[in-house]
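My entries follow in the order in which I made them.

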Amino acid sequence: MRLIKGLIMVIGIIGILVTGTLLIGYYLYSLSPPIQSKMIPILPSPDAAQSFDQKINSAKDEIDAAVNAGQTKEITLTITDKEVNSKLIEIRAAGELPARDASINFGNDQFLAYAVVDTPGINAKTAMIGQVEIVNGYPKIVIEDFNLGKLPLPESADRRVEQLLNVLVRLQLGDMPLEITDIQINNHELTVTGTTKTGK
């Protein structure tokens with residue numbers, strides 16, 4: 001009888017500890033990530049979103065013209081974080097972004113990003129700091145730090161997020177006839193330079 005009582009007490013204590021841990025984890029998960037406090041708020045505007053579209057369309061037209069003419073041409077595209085954030089708000093308003101909130105900063109050689117993603121129960125508040133490198137003509141995102149609320153995460157979480165982002169980047173740029181040669185992040189601007197592929 002004592003053995004059974006002892007087992008029940010141990011099971012009860014474990015249950016209390018697990019419940020407490022889950023509640024603490026749930027609370028930390030709901031908090032704003034530390035990286036968010038490092039970000040500079042950017043006031044979006046319709047003009048900046050329109051400027052983003054114009055720059056992207058102009059770069060696409062320039063790439064297509066060079067490819068159709070069989071020319072190897074250097075293309076440079078510079079966008080600001082104001083333009084990106086304004087476009088994100090426009091996309092979110094159209095219901096095409098699976099996030100309640102999203103913003104990005106272009107700092108010195110690195111970017112900071114924040115997003116509130118709709119999840120069951122409570123929204124996931126995520127943030128990251130990263131850099132972009134060039135590997136075999138493609139941009140490669142390198143995550144320096146990743147936050148999920150204020151939950152303590154293992155370093156492996158950074159690598160998993162990094163792998164997922166790079167898969168998405170590859171899918172988006174897979175068919176683009178442009179070899180990326182340089183990416184610079186500085187003073188609220190992202191500058192991408194590439195050379196058109198002629199197919200020869």
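**Entry 1: charged pairs**

I started with Asp101 and Arg92, whose side chains meet in a salt bridge with N to O at 4.0 Å. I noted that the model is a predicted one. Asp101 is partly exposed, because its relative accessibility is 31%. Arg92 also counts as partly exposed, at 25%.

I wrote down the general idea: side chains of opposite charge can pair when their charged atoms come close. The count of salt bridges comes to six.

Next I looked up Lys87 and Asp53, which form a salt bridge of 2.9 Å from N to O. This pair links distant parts of the chain, as Lys87 sits in helix H3 and Asp53 in helix H2 (residues 46–68), 34 residues apart. Are these two partners buried or exposed? Lys87 has a relative accessible area of 15%, so I put it down as buried. Asp53, with 26% relative accessibility, is partly exposed.

Then I turned to Glu162 and Arg159, where the closest N and O atoms of the salt bridge are 2.8 Å apart. About one helical turn separates Glu162 and Arg159, because they are three residues apart in helix H4. Glu162 is buried at 11% relative accessibility, since buried means under 20%. Arg159 is partly exposed, with 29% relative accessible area. I also found a network, in which salt bridges that share partners join Asp53, Lys87 and Glu90.

**Entry 2: a nonpolar patch**

I looked at helix H4 (residues 155–173) again, because Leu168 is found there. Leu168 belongs to a nonpolar patch on the surface, formed with Leu164, Val167 and Leu171. Together these residues have about 410 Å² of accessible area. Leu168 itself is partly exposed, as its relative accessibility is 43%.

**Entry 3: pockets**

I moved on to empty space. Rolling a probe the size of a water molecule over the atoms shows where such space is left.

The largest pocket has a volume of about 2,100 Å³. How many residues line the largest pocket? I found 49, and those nearest its centre are Val84, Ile104, Ile141, Val169 and Gln172. H4 gives the most to this lining, with seven residues. By type, the lining of the largest pocket divides into 40 nonpolar, six polar and three charged residues.

The second largest pocket holds about 220 Å³ of space. Its lining has 15 residues, and Asp101 is one of those nearest the centre, along with Ile42, Asn85, Ala102 and Ser103. Which element supplies the largest share of the lining of the second largest pocket? That is E2, with five residues. Helix H3 (81–93) and strand E2 (101–106) each supply at least two residues of this lining. The residues lining the second largest pocket are nine nonpolar, four polar and two charged.

**Entry 4: a cavity**

Last, I checked for cavities of 30 Å³ or more, and the count comes to one. The largest cavity has a volume of about 30 Å³. Gly137, Tyr138, Leu173, Met176, Leu178 and Ile180 line this cavity. I sorted that lining by type and got five nonpolar, one polar and no charged residues.

How values were computed
Residues are numbered from 1 along each chain as its sequence is written. This is a predicted model: local features need pLDDT of at least 70, side-chain atom pairs count only at pLDDT 80 or more; totals for chains, interfaces and linings use all residues. Side-chain values use heavy atoms; hydrogens and water are left out. On a 1 Å grid over the protein atoms alone, a cavity is a set of points where a 1.4 Å probe fits but cannot get out, and a pocket is an open set with protein on both sides within 12 Å along at least five of seven lines; lining residues have an atom within 4 Å of a point. Grid points are joined across faces, edges and corners, and a volume is the space filled by probe spheres set on the points. Ala, Val, Leu, Ile, Met, Phe, Trp, Tyr, Cys and Pro count as nonpolar, Asp, Glu, Lys and Arg as charged, and the others, Gly among them, as polar. Patches are made of residues with over 30% relative accessible area and no salt bridge: like charges are joined within 9 Å, nonpolar side chains (Val, Leu, Ile, Met, Phe, Trp, Tyr) within 5 Å. Accessible areas come from the Shrake-Rupley method with a 1.4 Å probe; for residues, only the protein chains shown count as cover. Helices (H or I, at least four residues) and strands (E, at least two) are DSSP runs, numbered from the N terminus. Buried means under 20% relative accessible area, exposed over 50%, partly exposed in between (1.4 Å probe, protein chains only).
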